[in-house]
Amino acid sequence: MKRPIDVHSRANVHQICLRRSAFRSRQGRHHTPFIQQRRFSHLQTIPLPRIPQPAEASEDQEIKDGLVVVPMAEDSKTLDSLLRFCYPSTLADDPNLEVLEDVIDVLEAAKKYSLESLEKKICRTLSNPKILEAEPLRCFAIAHRGDLREETRLAAKYTLSLPLVPSWFNEIGLITAADLLALLTYHRKCGDAISLARADALQVQNHCTVLMFSNTPTSTKPAYAAAPFDHAKADIILRSSDNVDFRIFKLFLSLASPFFETLFDLPQPAKAKEDQKTKDGLVVVPVTECSKTLDALLRFCYPSTLTDDPNLEVLEDVTDVLEAAKKYSLESLEKKICRTLSNPKILNAESLRFFAIAHRGGLREETRLAAKYTLTQSLVPSWFKEIGLITAADLLALLTYHRFCGDAVYALKTDMSWIKTHYGSNQGCAWLSGQSYSNNRFNNCSCPRSLVPKFLLFNSWSLQWWEDFMEETFVELRDKPCKATIENHVEKAVQSVKGRNCPTCSPHIEGGMQGLTELFTKKLDEVISQFELDFTSQVKSQIPDEDSSRQAMGEETGSNIESDFGL
């Protein structure tokens, strides 16, 4: 067996002894050229004693067998693996890393000592099937962070053995929320391909693009803003990025913002500098915000006797004003602006973006409210602009909450007691069974019955339209557990029954289904209220895992599917 990392009689030239401090003493002599070539550059600056005169070494410098002892932070196992990578193959084989923790430890050491070429070599050990099968998500995160294209794709494939929304994992901080969303989108597409008996090669778009928003000037000649920012007695001018001049009072901004208070308290030179812009005898301060954003921000700062707070009904406006408030240290204003996010118009249209902004702003109640509104969207949503405001762990917490809500609502399909209790008997919901009561007897309509009923209530049979309605509704509720899902399927069922022109069902279906919608929605809200969004670990509730159709993906189909993260 090759043993280069022990006492070697020819370890001369510059000789050092590496020791793992705070662990059991395990030392080895090393040829300095080997480790210097691997970029242990900082070791070259260590003061080495002049051999054979160790007496001249500094008092705190440990010497052993005439060699300098360098304490290392790594344990012996990590250091052994790292050094085997550094030594030529004629002296030592590369270490066999079969446990993910070992890979991580050696990788961290390689980064620490600037072994850049070695980092990718270590990361490629992530292709070890033992590691991939045991820790696919962690492998994915490490490989993607290390820019390893093939290893990332391979790890993405192995994650298909996990539930669509996985549990939290240690390395989640290595990837962004956009990375996680791309992975889950790939997972969902694979599942959809299997359910549709397709084996198409699916490409996942990498949305890890940082969007830079800029305001393009629309005019070259400055114009004045509208009242109240055109006052003749103003004492300073703020000029927006699109060349609109706001004549304002320093006092109002100083009271609202410590940033402006400090800025305006700075001593001003008696004579303006050459590069200092002035207009009408007032100093002009250029700002990067556009006139629309600046107008809204200043209206928050001015007293209500002069102007009302702006009405922010478009999420982009809220985001821009919020960023300006953060920039100018308007802390009390940040939360006031964020509360405008509770506007139902914004919540219904942009719940995910709302969630990201509210969570980033530390608004607990607004974040929870937004999370509930996200239930109107699919479990794995589309990419959204503000995804960069949250971490992958934040997104996973949201999707875990979503999954738990969906699975809990879906579980209602196996228990019809909540419907039976409400109606009491067959007479209370005769319209559901296609029956009419006359001459002291029930008469059955001619609408098709289900041969294999799943949603029986009070009879031994069930109408086919009722079976279809319940099955389709619950399937979609698992993905979108919200009132809108129920209402959409109720409307579809009503139109279907009316289209048959059944004299028994058609006259009563609309009124009956309206009452069922109210019952269904009330039950849905009751179930969802049991769950709470939790960013610390998991949603505070326990429900069974998803069924096998969501947990496992076929090997044959997955083999031709690639995950492209634009590496």
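## Strand 7 and its burial

Strand 7, which spans residues 244-248, is mostly covered, since five of its five residues count as buried. This description refers to a predicted model. The cover extends to both faces of the strand: Val244, Phe246 and Ile248 are buried on one side, and Asp245 and Arg247 are buried on the other.

## Pairing partners of strand 7

Strand 7 pairs with strand 5 (residues 223-224) in the parallel sense, and two bridges connect them. Strand 6 (residues 236-239), by contrast in direction, runs antiparallel to strand 7 and is joined to it by four bridges.

## The hairpin turn

Strand 6 and strand 7 together form a hairpin, with four residues lying between the two strands. Within this turn, Asn243 adopts a positive phi of about 65°.

## The chain as a whole

The chain that holds these strands has 24 helices and 11 strands in its secondary structure. Of its 567 residues, 47% are buried, and the chain exposes about 29,500 Å², of which carbon and sulfur atoms supply 50%.

When contacts between residues at least 6 apart in sequence are considered, 68% of them join residues that are at least 24 apart.

Methods. Residues numbered from 1 in each chain as written. Predicted model: local features only at pLDDT ≥ 70, side-chain atom pairs only at ≥ 80, totals over all residues. Heavy atoms only, no water. Buried < 20%, exposed > 50% of the residue type's maximum accessible area, 1.4 Å probe, protein only. Contact = heavy atoms within 4.5 Å. Areas by Shrake-Rupley, 256 points an atom, 1.4 Å probe, with all protein chains shown as cover. Pairing = 2+ DSSP bridges.
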